[in-house]
Amino acid sequence: MSTQHEATFKGHPSVAADVRAWVSSHATHLDAPAVTHELFVAILNAGADSIDIALSLAGGRLRITATGTHPLSLRHSHGPGWRIIEGLSRATGVTIDVRGLWAQMEQP
């Protein structure tokens with residue numbers, strides 16, 4: 001069985017706490033808020049006016065995707081927060097349209 005949760009957030013730093021709280025209410029993985037925060041910040045830094053966050057839960061896997069309105073440069077897709085995302089996730093990547101980032105984690 002799979003579950004999908006999606007929300008759109010304003011592309012502004014003041015919204016980051018709301019993003020973390022939203023993820024915490026839908027995912028039980030302790031690192032999910034931190035990973036989502038880093039994904040959000042990367043998309044925000046690319047100049048997105050709004051950021052779509054999607055959580056997909058299937059079996060024991062959680063996939064977090066953050067998508068913005070502009071294509072990401074290498075600096076935004078593999079910047080400083082990327083080490084945090086990679087360190088806390090099982091797999092990571094850039095979306096096919098190059099406007100978003102994703103991370104996959106094992107759900108407890």
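Biologist: Which helices each supply at least two residues of the lining of the largest pocket?

Modeller: This is a predicted model. The lining of its largest pocket includes Glu38 and Val41, Arg75 and His76, and Trp82 and Ile85. Those pairs fall in three helices that each supply at least two lining residues: H2 (32–45), H3 (74–77) and H4 (81–88).

Biologist: Which helix gives the largest share of that lining?

Modeller: Look along the lining for residues in the 32–45 stretch, which is H2. Glu38, Val41, Ala42 and Asn45 are among the lining residues. The largest share, four residues, comes from H2.

Biologist: What is the volume of the largest pocket, and what classes of residue line it?

Modeller: Take the classes before the volume. The lining has five nonpolar, four polar and two charged residues. Glu38 and Arg75 are among the lining residues. The pocket they line has a volume of about 150 Å³.

Biologist: Which residues of H2 meet H1?

Modeller: H1 passes H2 in a right-handed crossing. On the H1 side, the contact uses Ala16, Val19, Arg20, Val23 and Ser24. By class, this contact has six nonpolar, three polar and one charged residues. The H2 partners are Ala32, Pro33, Thr36, His37 and Phe40.

Biologist: Is the crossing of H2 and H4 left-handed or right-handed?

Modeller: H2 and H4 pack with their axes 9 Å apart. Their angle is about 145 degrees. The crossing is left-handed.

Biologist: Which residues of H4 make the contact with H2?

Modeller: From H2 come Ala34, Val35, Glu38 and Leu39. By class, the contact has six nonpolar, one polar and one charged residues. Glu38 also lines the largest pocket, as do Gly81 and Ile85. The H4 side of the contact is Gly81, Ile84, Ile85 and Leu88.

Conventions
Residues are numbered from 1 along each chain as its sequence is written. This is a predicted model: local features need pLDDT of at least 70, side-chain atom pairs count only at pLDDT 80 or more; totals for chains, interfaces and linings use all residues. Side-chain values use heavy atoms; hydrogens and water are left out. On a 1 Å grid over the protein atoms alone, a cavity is a set of points where a 1.4 Å probe fits but cannot get out, and a pocket is an open set with protein on both sides within 12 Å along at least five of seven lines; lining residues have an atom within 4 Å of a point. Grid points are joined across faces, edges and corners, and a volume is the space filled by probe spheres set on the points. Ala, Val, Leu, Ile, Met, Phe, Trp, Tyr, Cys and Pro count as nonpolar, Asp, Glu, Lys and Arg as charged, and the others, Gly among them, as polar. A crossing is left-handed if the near helix is turned anticlockwise from the far one by less than a right angle, and right-handed if clockwise. Contact means heavy atoms within 4.5 Å. Axes are lines fitted to C-alpha atoms, for helices over the stretch in contact, and angles run from 0 to 180 degrees between N-to-C directions.
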